[in-house]
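Thanks for coming. I will take a few minutes to walk through one structure, and you can follow along on the screen.

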Amino acid sequence: MSKFNLNTNGDFFKGLADKVNDVKEKGNFNFQNIDINLIKPSKKNFFEISGIEELAKDIKANGLYHNLVVRKLDDGTYEIISGERRYSALKYNGEKRIPCVVREADELDSEIMLIQANASARELTESEKLKTVERLKELYEEKKKNGVKIGGKVRDKIGEDLGGMSGMQVQRYIKISDELIPELRELFDNQQITLSDSLDFSKMSKDQQLVIYKFLNENINASKEEVKALKENIKSKEEENKTVKKKQCELEKTIQELQTDLDIKEKEVNEKIHHIKTELQEEASKEAELKSQSKIDELNTRLSILENEKQSINYEYEKMKKEKDSEIKELTSKKNEIDNNSEILKLNVEYSVILKNVESITKEAIDCHKKLTNPSSENKIKLKELKKNISEMLDLISKIDN
């Protein structure tokens, strides 16, 4: 964690004063020497406070370069907005009163100013940047709910608070915050995985992220190449799965369209049949008068043709439906094969870890055996335990192979 740069020329704190206090322009301030017992740190300050003794010595030797910034609370005490390290150092030196700039600010604005001050005064780790983005997003969304106009997009406002970070970069942190599973988030906070890897992982499904976490947890010293290969393998399987699903949806849509067309044509044919039957009934009733047997025969012929047409349509539909069902079955089989390959990938990860453990235990047993020509009872027991561990590992490998 980087420390404050307490140069005697005061340039650092001059910049911080301009950004946090803005004293002359704002006008909503006053200077006071406040009893140190009335001053308290903000409970919402999640930044690390370190190097207090070193700072205390510097203040004692050279004086305080910049006053604390505080706000007065309803109970008469003062909450620190900027300067918790200076407060801790002054308290360490036994000071009774502290020169402060008292600002008028509500809870939301005071916390935003606190974050701005810390972001300006130190080099934040990637984990601290992520926590800062998360908290600022919550604060600005709360201000918007309260009807306050913040001007522009929230992500751009956060970028300004963090010293000019781009809105796109802020969005990357938000993506990690929203999508990265807790297990991988813990690795990120402990600086075991990079920001770039965390962003890639956050774009994967939860199940895929769990596979990544299991691999990293069991292969702490995994190389960048191994992690990259695993990511590419998972992405490849995901793309194949998406392609299969897309094709399956297209086929199901085609079948639905065919069914709709069939229903329409069948309805048209049935209407024609009904119309012809009505004509036949009318002609039959007139048969005695018109003696028009030829007309009846003609209508019967037309009816027969339409019935044949209906059968032909049904036949073609069934034929096309069978073909599409066959394609769907083939795609489903391919999807199952992809899922099986994912399970095999998980087993390969476990198998790799077990082999490393077997090699380690076997090496330890061989080294122990070489060193002990006349082993004591204690060493014999240790050798026996090593042999037992090797036997158990081999049994486990045999089960995985089966």
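The buried residues of helix H3 pack against helix H4, which covers 84-92. Keep in mind that this is a predicted model. H3 itself runs over residues 52-62, and its buried residues are Ile 52, Leu 55, Ala 56, Asp 58 and Ile 59. Viewed down the H3 axis, they fall within an arc of 165°, so they line one face of the helix. Just past the end of H3 comes Gly 63, with a positive phi of about 90°.

Next, the cores. The largest nonpolar core has 38 residues. Which of its residues touch the most other members? They are Leu 136, Ile 158, Leu 184, Phe 201, Ile 212 and Leu 216. Two or more residues each come from H5, H6 (126-145), H7 (154-161), H8 (167-179), H9 (182-189), H10 (195-202), H11 (206-218) and H12 (224-290).

Now a helix pair. The axes of H6 and H9 come within 8 Å and cross at roughly 125°. That angle makes H6 oblique to H9. On the H6 side, the contact is made by Glu 126, Ser 127, Leu 130, Lys 131 and Glu 134. On the H9 side, Arg 185, Phe 188 and Asp 189 take part.

Is Asn 118 buried or exposed? Its relative accessibility is 9%, and buried means under 20%, so Asn 118 counts as buried. The side chain of Asn 118 reaches the backbone oxygen of Leu 114 at 2.9 Å. Setting aside neighbours within four places in sequence, Asn 118 is in contact with Asn 45, Phe 47 and Leu 124. Finally, Asn 118 and Gly 83 are 35 residues apart along the chain, and their C-alpha atoms are separated by 8.9 Å.

Methods. Residues numbered from 1 in each chain as written. Predicted model: local features only at pLDDT ≥ 70, side-chain atom pairs only at ≥ 80, totals over all residues. Heavy atoms only, no water. Buried < 20%, exposed > 50% of the residue type's maximum accessible area, 1.4 Å probe, protein only. Helix = DSSP H or I, 4+ residues; strand = E, 2+ residues; numbered from the N terminus. Arc of directions from axis to C-beta. Contact = heavy atoms within 4.5 Å. Polar contact = N/O pair within 3.5 Å; in protein donor to acceptor, adjacent residues only side chain to side chain. Core = buried A, V, L, I, M, F, W, Y, C linked by side-chain atoms within 4.5 Å. Axes fitted to C-alpha atoms, helices over the stretch in contact; angles between N-to-C directions. Parallel < 35°, antiparallel > 145°, perpendicular 65-115°, else oblique.
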